[in-house]
Each structure stands twice: as C-alpha cells, then as structure tokens.
Amino acid sequence: MISARNTSNTVSYFILLGFPCRREIQIFLFSIFFMVYILTLLGNMAIVYAVHWDHRLHTPMYILLANFSFLEICYVNSDVPNMLVNFLSITKTISFTRCLLQLYFFFSLGTTECLFLSIMAYDRFLAICRPLHYPTVMTIRFCGSLVIFCWVYGFLWFLIPVVLITQLPFCGPNVIDDFLCDLGPLLDLVSVCVPIPGTVLICGTMSSLLIFATFFYIIGSYTLVLRAVIQMPSASGSKKAFSTCSSHLAVVTLFYGSVMITYVSPGSGQAKGMQKFTTLFYSVLTPFFNPMIYSLRNKEMKDALKKVMGCS
C-alpha cells in the first residue's frame, strides 16, 4: 500500500500525443482547428446575444437555447485551446494537476450538456403535447430553476470519479494517445501499474447511467412529440413544430452517437486511435455545427441574428 502511494508521485506531467504527424501538417491542422474554434465561439455568442437583445425571444425555449450555446462556449474552451497549443508545442506536456482539472471540467460540462438536451426535450414535449398547460408549467421562473439544476448537478455528477482517479497510482507511463486528458486513456495508464476493476466499473456505470438515462428520456419525449405533430390538423403548425424538433434531434444524434461509442465502457480497449476521433467529433465539431443547425431551421432565430448583424 505504501509503495503504491509512493509510485503515484512519480508522474508529475503527461504527454498528450494528439495527432502525430509532420511539423508542416501540425501547423496546417492548427490553422484548421483555430478557424473552427473561432467560428464556434462567434456562432454560439451570436445566439446568446440575439436571445438577450431580442425581447421576442425571451421565452423558455430560447432561454434554454441561449444557455445551451453558452455551455458550448465553455465546452470548447475546456479542451480546444490546449489542443491548439499542443499543435505548435515540441514537448506536448500538461501537468498532472492541469490534466485532472481538464478531465473534471470536460466531463462536468459534458454532463451538463446531456441534462440541457433532456430539459430542452421536456420543453418541446410540454409545448406540443400539452399546449394548454405549457404557459402555467414552463414559466420563466421554473425555466430558471431548470437551468440552475443543469449547471449544479452537471458539476456534481462526475466529482466522485475524479476524486477516485486522484487516488490511483500512476507508476510511470505518462503518454496519452489523445489530444486531451480523457477518462479511458488515464485509466489505461493506471491499469499498467495495478488492476483497477472497481474504479473502471464505477466510472463506466456512472457514464452509462447518465448517457442512457438522458438519451432514452429524450427519445421517449420526441416519440410523443412526433406523434402529436403528425396528428396536428394545421399543416403550417405541423411544419413549424417539426422544424423545431428536427433541429434538436439533429444535435442529439450528433452528440450522443459519438459519446456512446466513447464512454459507455471507458478503459475497455477501443481500436487504437478511434477514441480520439470520436472525442474530437462531439467535443469540437458538434459545438461548431450547433449554431447552424438551430438557426438555419428557425425563422425567429434567423430574424434576430440578421438584426444583430445589421442585415435588416
């Protein structure tokens, strides 16, 4: 037990391999992802500002969307800046403390995103399936309570796994074949030192419980919503409701599709290099596509964005 505690101090930093390739390609990748990062920030900030500026959008649906866009800004800032630095870095190192902090914030923000997607599905369910009850149930005050719940619970859910990981012995291997401090690669490094079936089980169970509980809730909500949309007598009302729901379902598909591949069984030994690409998809590309998905299929949001940009 004493030796295990001592070996945990032998690792003071980790090496994030990222995307190993020639220096010229690293600079090219830096340029691409830097543009994606800037456009992601601008797109999501535009939605936040449009909802704040346009009083017609001060409704629960758009308040949730603005918070979701702000969440996406936080999400990309938890991993992309460090990834960009590593493209230009020679050593590609990150300290032990910074690595664990990145792990905590990255997973906490991911948990918050799952909760927000569930709350947004609940909002659409009430609006379409229970329209008479919607104004009395989904008040601005209740919507604010849901937003606070998502943020607070999101940062509490993954606290236990991170605390457990800080107690594990990192006995020497410190090379992470990823562009961030992710759960699976860190557990793989520890498993080289000692067997950790209990920690892997706890992390896998908590990840799976969160992912599947929120995913099936969203699917169940939208099954009822789509059934109600199909039964609508008005073609225009049906089209508008379907447009709003299809945007949310597109985001859910992009996010959960890649997340399930990555985190249902962390440390289970995925194909080499596969995890970093699935992580890249939902942590970098999904926040990039979200503003386009939500704005292009929503007339009110398009009108507000045009006014914000001075196009009308």
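User: In what sense do strand β1 and β2 pair, and over how many bridges?

Analyst: Two strands pair if DSSP finds at least two bridges between them; strands (E, at least two residues) and helices (H or I, at least four) are DSSP runs numbered from the N terminus. Here β1 (residues 13-16) and β2 pair in the antiparallel sense, over 3 bridges. Within β2, Thr-93 is the bridge partner of Ile-15. This is a predicted model, in which local features need pLDDT of at least 70 and side-chain atom pairs count only at pLDDT 80 or more, while totals for chains, interfaces and linings use all residues. Residues are numbered from 1 along each chain as its sequence is written, and side-chain values use heavy atoms, with hydrogens and water left out.

User: What is the strand order of the open sheet, and which strands stand at the edges?

Analyst: The sheet has 3 strands in the order β2-β1-β3, with mixed pairing. Because β2 (93-95) and β3 (175-176) each have a single partner strand, one side of each lacks a neighbour in the sheet.

User: Which helix lies across β1, β2 and β3?

Analyst: Contact means heavy atoms within 4.5 Å. Axes are lines fitted to C-alpha atoms, for helices over the stretch in contact, and angles run from 0 to 180 degrees between N-to-C directions. Helix α5 (residues 96-129) lies across these strands, at about 85 degrees to β2.

User: Is Ala-121 buried or exposed, and which residues does Ala-121 touch?

Analyst: Buried means under 20% relative accessible area, exposed over 50%, and partly exposed in between (1.4 Å probe, protein chains only). Ala-121, in helix α5, has 0% relative accessibility and therefore counts as buried. Leaving aside residues up to four places away in sequence, Ala-121 touches Ile-218, Ser-221, Tyr-222 and His-248. Ala-121 and Tyr-217 are 96 residues apart in sequence, yet 8.4 Å apart in space, C-alpha to C-alpha.

User: What is the phi of Lys-92, and where does Lys-92 lie?

Analyst: Lys-92 is not a glycine, although its phi is positive, about 55 degrees. Lys-92 lies in the loop between α4 (80-88) and β2, and counts as buried at 15% relative accessibility.

User: At what angle do helix α3 and helix α7 pack?

Analyst: Angles under 35 degrees count as roughly parallel, over 145 as roughly antiparallel, 65 to 115 as roughly perpendicular and the rest as oblique. Helix α3 (residues 60-77) and helix α7 (residues 140-157) pack at about 20 degrees, with axes 10 Å apart, so α3 is roughly parallel to α7. Residues of α3 including Phe-70 and Leu-71 meet a group in α7 that includes Val-147 and Trp-151.
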